[in-house]
Amino acid sequence: MMRTTVPPVACVGEPRLTAGFAEFGRLDLAAHEEVHGPIGPMEPAQLLRLAEGMQLKGKGGAGFPFARKLRAVLESCERQDLAAVVVVNASEGEPASWKDKVLLTRAPHLILDGAALAAYALDAEEIVIGVADDGVGRDSLMEALAERRMPVSATIVTVPHRFISGEGGALVNGINGLPHIPPGTKKRSSDSGVGGLPTLLSNAETYAQLAVAARLGPYEYAALGTDDEPGTVLLTVTGAAARPAVVECAAGTPLREILDLCEVPDGPGILMGGYHGKWITPEAADRAEISRRGLAAVGGTLGAGIIVPLGVDTCPLGEAAQVVRYLAGESAGQCGPCKMGLPDLARAVDLAVAGSQPADVVRAAAGEVKGRGACSHPDGTARFALSAIEVFADDLRLHSTGDGCGRRVKGVMGLPGAPDSNPQKLTLDWSRCDGHGLCAHVVPDFIRLDGNGYPAFPTTPVPTWLREGALKAVKVCPELALRLAKAE
């Protein structure tokens, strides 16, 4: 199901990116200039000093220093005697994230200001803005472009709303007319990106923050935030929150203040940073502050500013297993760790949650993919899975008995699409099975052979992305021992 409704916006302290929202809702050009004031172009050295002085880091999740990206593109343009391209990644492929959608729909001119600053400093040939095909924010962005003149031509490119489509290399591939998947090899867009030209690629919020700082200057910008992370942060709070919202706050704000604002109930844990992020306990949340350093100190991560709390009656391991299955299905399928390793990891998590194998198997499966992928997807998925079995170790012990933790899987993680209306699971008639093993060859991602050569598979429902394979396994069973039945 496509996402169409942008959540409410809240602010703790002084608003910057969200300034004017209360008065104007969406800021057209006139409202934008009234709220934020004028902005002028900057020469390369001036923009570099600003980015370094404000310690601007990418807001898409990786946190790479913007000044280093800018300098790399400048040097590449000079070395190759080529023009540059500026790319704004507003695709927001992470299903649990809404912050860039909020900027697109309500403050599009801040994004365009930042892109224009970069394009002028680089003497760029073009600005390209990647947005998701869910339609959220595209019309607002088109209206904003129609209201103003950009220093160079600006193009909007639509990106499939998939998790991996938001990866930088995947976005560049899509703009270049290739499949919207990561390139499969380590490649620097600053050397060769859109059209083979040196490309400055950064997240929509990053450009908006640059536009705010260009007006304030690095010293006033640093009046909010911490010494090593000045400024504000945009957060998406969803999950069990009674008041889900996109929240702007200064870096260093206590996490508990954000949770209370969004009326987050007590629960077993909170996911920080999104599907490639890490879980933290409620006790850790009480000590944490909103910053990369503050969250790392309690075992979490800021990532793309995503906070997904669980309710007290929600099974955390069941929710985590759903996400791992989704991430395995989002594989680009072009390298072994993704194509084979992530389904193995999803299966290991399913089996651990079902109580039929120990957590060590999850650790081993995660170890098989870490550091070996063509992009960061395997690493991020492994990090998420390992964090879940560590933070919810007590729940895992309850699941190891086969009885579970007594809590329900409620589907609160923001996964795309409607819940599976017809969950199905495999069953085996042991009186018929002769251990031919054909089923394991047909769907090795879900069925394996045990030490005696008989099929073994999770008792949990078959993931939708493996349903077709499971049905084929049922059909090829020569003894008609395998069945696909409705899960209770």
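Predicted model: local features only at pLDDT ≥ 70, side-chain atom pairs only at ≥ 80, totals over all residues.
1. Residues are numbered from 1 along each chain as its sequence is written, and side-chain values use heavy atoms, with hydrogens and water left out.

2. Start with strand 3 (residues 126-132) and strand 4 (residues 154-159), which run parallel and are joined by six bridges. Strands here are DSSP runs of E with at least two residues, and helices are runs of H or I with at least four, numbered from the N terminus; two strands pair if DSSP finds at least two bridges between them. Ile127 has Ala154 of strand 4 as its bridge partner.

3. Next, look at strand 5 (residues 199-203), where five of five residues are buried (under 20% relative accessible area, with a 1.4 Å probe and protein chains only). Strand 5 pairs with strand 2 (residues 85-90) in the parallel sense over five bridges, and Val87 has Leu201 as its partner there.

4. Helix 6 (residues 108-122) is largely enclosed by the rest of the structure, because 14 of its 15 residues are buried. After helix 6 comes Asp123, with a positive phi near 55°.

5. Finally, helix 13 (residues 316-329) and helix 16 (residues 377-391) pack at an angle of about 170°, their axes 10 Å apart. Axes are lines fitted to C-alpha atoms over the stretch in contact, with angles from 0 to 180 degrees between N-to-C directions. Helix 13 is therefore roughly antiparallel to helix 16 (an angle over 145 degrees).

Technical notes. Buried < 20%, exposed > 50% of the residue type's maximum accessible area, 1.4 Å probe, protein only. Parallel < 35°, antiparallel > 145°, perpendicular 65-115°, else oblique.
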